[in-house]
Amino acid sequence: MNALDLADLVATAHPFGIVNVVREDAIRPSLDHDVVIAMAPDAQDGRFAVPRILGEAP
Amino acid sequence: MKSAAEIARDVQSGASSAASELKTALTQIHARNEELNVFLYVDEEGAMRSAAAVDERVGRGEDAGPLAGVPVALKDNLCEVGIPTTCASKILKGWRPPYSATVIDRLLAAGAVPVGKTNLDEFAMGSSTENSAFGPTLNPLDTSRVPGGSSGGSAAAVAADMTPVSLGSDTGGSIRQPAAFCGLVGMKPSYGLVSRYGLIAFASSLDQIGPFAANVMDAALVLEVIAGHDPLDSTSLAEPAPSLASHVNDGVAGKRIGLVRELIDGADEDVVTSVERAAEAMKEAGATIVELSVPEFRLGLSAYYLIAPAEASSNLARFDGVRYGLRVDGDDVTAMMEATRTAGFGDEVKRRIMLGTYALSAGYFDAYYGQALKVRTLTIDAFDRAYQQVDLILGATTPSVAFTFGSKTSDPMAMYLSDVFTIPSNLSGEPAISVPFGTGEGGLPVGVQLLGPGRSEGLLFAGARVLEIADGRP
């Protein structure tokens, strides 16, 4: 593949070349917060909980 | 076994009921699932509720839908609300999605009865179902052989008469290759024809959901139900679902069909013979056969194994032990994510994440991923030129009939090569169908492949039907 001269070709990101799709900026229902949090391996006060993200202070 | 079309007709007329058709399916699943490892989860309660709802609609004199009472198996990378969805990976073990894929909602609305989730290569990465974290699925036609992959469970469900139809997903051949290995019809639709909402992403610009069936008409009926625009998938084509079942018996008289050398060369002799006989059958049905060479198809495999892993490495970053699925504890968040992903992903998934991350890394992007995207353009241009000369392309689906367990697991390149004939259509986003035609080594089925330009599904079904009749399945 590296032996090919592809300088004149445009890269394909989408096979049918569709353009950006935007929806109206309107509020619509989304997944229930409690249901989503219930799937997490660990949660605290309605938020995803993870181990510490910063190292020890020097 | 009754076809999906026969079941729907009998359920709607009252000659049968959705409940009794479900019972037939569950009896067969109970009889063979332990041996074949087809289903990772059987949702008996949910299926009984869906079947009862269909029977109530019929009882009220309503139209229960084109798939009334038809049991359907679903590849386990399709989210179904409240039902365990694993992608055959330990990293999602026990997870129950909070929403359903659009295709499942559409199946239910059409009266179909989803019965459970089928085995696959982990995250759809593989060609034999040997990469499942829950053990391989056996080919119902010869249990010493693989059913193909990655949608091996969905193919085996139909081949073992558990359900008349099923859904799979096809990123590089994952519907067509198992269809060929199990003697079934399998179609990868045009990219965007079927909504990917609720399909757990492997390579988003290549993935498409499609049907498996024992015959062409059933495949067309299922695709007609699941196709059509979906606002929840921004890559979904903004057009209504095409009429497909009405085109199945259109024939191919007057059509030009290209026999492409690159989709035959390198295949075993039994496969080549089937493709040549299929070309003869097309000719007898009134088509003209044109021999073609499309050398660009040979580049497909290299481009695919850069593009697909690159997209996968990005898509699979979400499995990090924070929001869902497995978590393995660690002292800090980095250690936790590393431990989770090390324990949760299998070897092939790790291999592709590493390949993809490398192809996307600074300094290598242009040489690998960028170059592959341009080769994709080259492939699309080559298809366009071919379709100026012919209406459809004919070739092999796979280089061989179903291979034996373990014969390719130690050599990833040999496994990747089993997708060499199916990958070009994923790169171009165009539809292709595999249909059984003749038998090969060990009496096993051979699949031949028909490829067409974007949105030519109706013509592909018509061509596949011609081959089905010529192969003695009227």
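**View 1. Where chain A meets chain B.** Here, 26 residues of chain A are in contact with 35 residues of chain B, contact meaning that C-beta atoms, placed from the backbone, lie within 7 Å. The side of chain A that touches chain B has 20 nonpolar, 3 polar and 3 charged residues; Ala, Val, Leu, Ile, Met, Phe, Trp, Tyr, Cys and Pro count as nonpolar, Asp, Glu, Lys and Arg as charged, and the others, Gly among them, as polar. Please note that this is a predicted model, in which local features need pLDDT of at least 70, side-chain atom pairs count only at pLDDT 80 or more, and totals for chains, interfaces and linings use all residues. Residues are numbered from 1 along each chain as its sequence is written, while chains are lettered from A and ligands numbered from 1 in the order in which they are written.

**View 2. Strand S2 of chain B, residues 71–75, is mostly covered.** Strands (E, at least two residues) and helices (H or I, at least four) are DSSP runs numbered from the N terminus. Pro71(B), Ala73(B) and Lys75(B) point one way, Val72(B) and Leu74(B) the other, and all are buried (20 or more other C-beta atoms within 10 Å of a residue's own; exposed means 12 or fewer, with C-beta atoms placed from the backbone).

**View 3. Helix H3 of chain B, residues 44–59, has 16 residues.** Its buried residues are Ala47(B), Ser50(B), Ala51(B), Val54(B), Asp55(B) and Val58(B). They sit on the same side of H3(B) because they cover an arc of only 135° around the axis, taken from the directions from the helix axis to the C-beta atoms. Turned away from that side are the exposed Glu45(B), Arg49(B), Glu56(B) and Gly59(B).

Terms used: Contact = placed C-beta atoms within 7 Å. Expected span 1.5 Å × (residues − 1).
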